[in-house]
Amino acid sequence: QQFISFARKLYNNSDKYYGLLMLNVKASAIENLVRGESDGKEKNRLLLGAGGRTIATIGKPTIGEAELQLITNKDIASNSNYIHLPGSPGEGNLLVWSKVRSDWMLIEITPWNEIVHGSIRLAYILVTIGLTAICITAFFTLFLSKQFTKPIRLLLARMGRVPATGAAMDLPTDYMNEFGSLFNGYRRQMERIDELLHSLQSQHKRQREA
């Protein structure tokens with residue numbers, strides 16, 4: 001089996017050397033601690049010792065010497081820090097590290113495209129919802145506008161048939177709103193015009209007979 005060994009020299013209060021204390025830990029146990037709780041997706045994690053040497057790796061962490069130098073030399077003000085390492089367009093990595101009291105450092109490397117993938121998908125969903133809402137709103141607006149303009153166009157069409165007989169009789173009678181009042185008023189007006197026309201025709205006939 002593979003082990004990770006830790007050694008410490010033992011001294012007393014008078015700086016007298018007693019011996020060497022060595023602790024062997026299974027590499028699989030360290031890797032399980034580094035792996036943590038798995039959510040079904042392998043993480044890219046790297047555990048570094050106090051001297052910057054690699055103790056355990058999980059996944060396929062790719063980090064260069066320049067990035068390691070940047071992290072180890074950075075003045076860490078808290079126990080958790082992060083940095084975005086840009087790469088070619090659409091690539092790059094997000095490095096998140098945590099330094100514990102033993103001067104060990106746990107680093108997690110996440111490709112930047114995995115981070116923004118969820119945001120892009122959410123943006124597509126929001127755009128789709130927005131376009132769908134616009135289409136539904138446009139449909140209902142067109143439907144309502146037709147409901148308002150249809151009676152007016154019908155009334156204008158009947159008014160254009162004057163003096164044809166029965167133009168007002170074709171108007172619908174089931175409107176119980178302002179359009180119904182317009183139709184009734186126009187119908188009474190046309191009936192009055194017909195009465196006046198018949199009266200003039202009768203008067204003209206009597207005059208000719210006289």
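User: Before we start, what do buried, exposed and partly exposed mean here?
Analyst: The words refer to relative accessible area. Under 20% is buried and over 50% is exposed. Anything in between is partly exposed.

User: Good. This is a predicted model, so is F6 buried, exposed or partly exposed?
Analyst: F6 has a relative accessibility of 21%. Buried needs a value under 20% and exposed one over 50%, so F6 counts as partly exposed.

User: How many aromatic pairs turn up in the whole structure, and how is the pair of F6 and W104 arranged?
Analyst: Searching the whole structure gives three aromatic pairs. In the pair of F6 and W104, the ring centres are 5.2 Å apart and the planes sit at 25°. Planes under 30 degrees apart count as stacked, so this pair is stacked.

User: How many residues apart are F6 and W104?
Analyst: F6 belongs to strand β1, residues 3-11. W104 is in the loop between β6 (93-99) and β7 (105-111). The pair links distant parts of the chain, and the separation is 98 residues.

User: And what about F139 and F140, which kind of aromatic pair do they form?
Analyst: Their centres are 5.6 Å apart, with 75° between the planes. Over 60 degrees is the cut-off for the label, so the F139 and F140 pair is edge-to-face.

User: Which class does F139 fall in, buried or exposed?
Analyst: F139 comes out at 52% relative accessibility. The cut-off is over 50%, so F139 counts as exposed.

User: Zooming out, what pattern does the protein chain follow along the sequence?
Analyst: The protein chain has four helices and seven strands. Read along the sequence, they give β-β-α-β-β-α-β-β-β-α-α.

Definitions and conventions
Residues are numbered from 1 along each chain as its sequence is written. This is a predicted model: local features need pLDDT of at least 70, side-chain atom pairs count only at pLDDT 80 or more; totals for chains, interfaces and linings use all residues. Side-chain values use heavy atoms; hydrogens and water are left out. Rings of Phe, Tyr and Trp (its six-membered ring) pair if their centres lie within 6.5 Å; planes under 30 degrees apart count as stacked, over 60 as edge-to-face and the rest as tilted. Helices (H or I, at least four residues) and strands (E, at least two) are DSSP runs, numbered from the N terminus. Buried means under 20% relative accessible area, exposed over 50%, partly exposed in between (1.4 Å probe, protein chains only).
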